[in-house]
Amino acid sequence: MIALATMKTGQIGTVASLETKDDAILRKLMAMGVMPGVSITLEQRFPAYIITAGRTRAALDKETAQIIYVQNRAGQ
């Protein structure tokens, strides 16, 4: 399990956990469809982390990317 912020561009993983106690951030991520069990792709790392989760494409700051933990898919 690794933080989204440490993934390489183009990597695909499954969200394993969201490591924060901040309800506002949790609600924001869940509204974007980022929750445990969801497949997530890291499209870009700079200047913002661009992810795709389902049909949603979103930009995240580094602090948010560091609280999303993913399980790498086999072969990635």
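The model is predicted: local features need pLDDT of at least 70, side-chain atom pairs count only at pLDDT 80 or more, and totals for chains, interfaces and linings use all residues. Residues are numbered from 1 along each chain as its sequence is written, and side-chain values use heavy atoms, with hydrogens and water left out. The protein chain has 2 helices and 6 strands, where helices (H or I, at least four residues) and strands (E, at least two) are DSSP runs numbered from the N terminus.

**Overall fold and dimensions**

- Along the sequence, the elements of the protein chain follow the pattern β-β-α-β-β-β-α-β.
- The radius of gyration of the protein chain is 11 Å, which agrees with the value near 11 Å for a compact globule of 76 residues; this radius is taken over C-alpha atoms, and the globule rule is 2.2 Å times the number of residues to the power 0.38.
- Taken along the principal axes, the box filled by the C-alpha atoms is roughly 35 × 25 × 20 Å.
- Of the contacts with a separation of 6 or more, 60% are between residues 24 or more positions apart; contact means heavy atoms within 4.5 Å.

**Surface and charge**

- Buried residues make up 34% of the 76 in the protein chain; the classes are buried (under 20% relative accessible area), exposed (over 50%) and partly exposed (in between), with a 1.4 Å probe and protein chains only.
- The accessible surface of the protein chain is about 4,600 Å², and carbon and sulfur atoms account for 53% of this area; the areas come from the Shrake-Rupley method with a 1.4 Å probe, and for residues only the protein chains shown count as cover.
- The protein chain carries 9 positive and 6 negative charges, whose mean positions lie 8 Å apart. Lys and Arg count as positive and Asp and Glu as negative, while His and the chain ends are not counted; each charge is placed at NZ of Lys, CZ of Arg, CG of Asp or CD of Glu.

**The sheet**

- The 6 strands form an open sheet in the order S1-S6-S2-S3-S4-S5, with antiparallel pairing; two strands pair if DSSP finds at least two bridges between them.
- Strand S1 (2-3) and S5 stand at the edges with a single partner strand each, so one side of each has no neighbour in the sheet.

**Strand S4 and its two partners**

- S3 and S4 run antiparallel and are joined by 4 bridges, forming a hairpin with 4 residues between the strands.
- Across this pairing, Leu-42 stands opposite Ile-51 and Gln-44 stands opposite Ile-50.
- On the other pairing, strand S4 (residues 49-53) meets strand S5 (residues 56-60) in the antiparallel sense over 5 bridges, with Thr-52 opposite Arg-57.
- S4 and S5 also form a hairpin, here with 2 residues between them, and Gly-54 in the turn has a positive phi of about 65°.
- S4 is mostly covered, with 5 of its 5 residues buried. Tyr-49, Ile-51 and Ala-53 point one way from the strand, while Ile-50 and Thr-52 point the other way.

**Ile-40, a buried position**

- Ile-40 belongs to strand S3 and is buried, with a relative accessible area of 1%.
- Not counting residues up to four places away in sequence, Ile-40 touches several residues, including Leu-4, Ile-12, Val-15, Val-34, Ile-51, Ala-53 and Val-70.
- Ile-67 is 27 residues from Ile-40 along the chain, and their C-alpha atoms are separated by 14 Å.

**Loop positions**

- Gly-37 is found in the loop between helix H1 (23-31) and S3 and is exposed, with a relative accessible area of 58%.
- Leaving aside neighbours within four places in sequence, Gly-37 is in contact with Thr-14 and Val-15; the C-alpha atoms of Gly-37 and Thr-14 are 5.8 Å apart, with 23 residues of separation in sequence.
- Pro-47 is found in the loop between strand S3 (39-44) and S4, and the peptide bond from Phe-46 to Pro-47 is cis, with omega near 5°.
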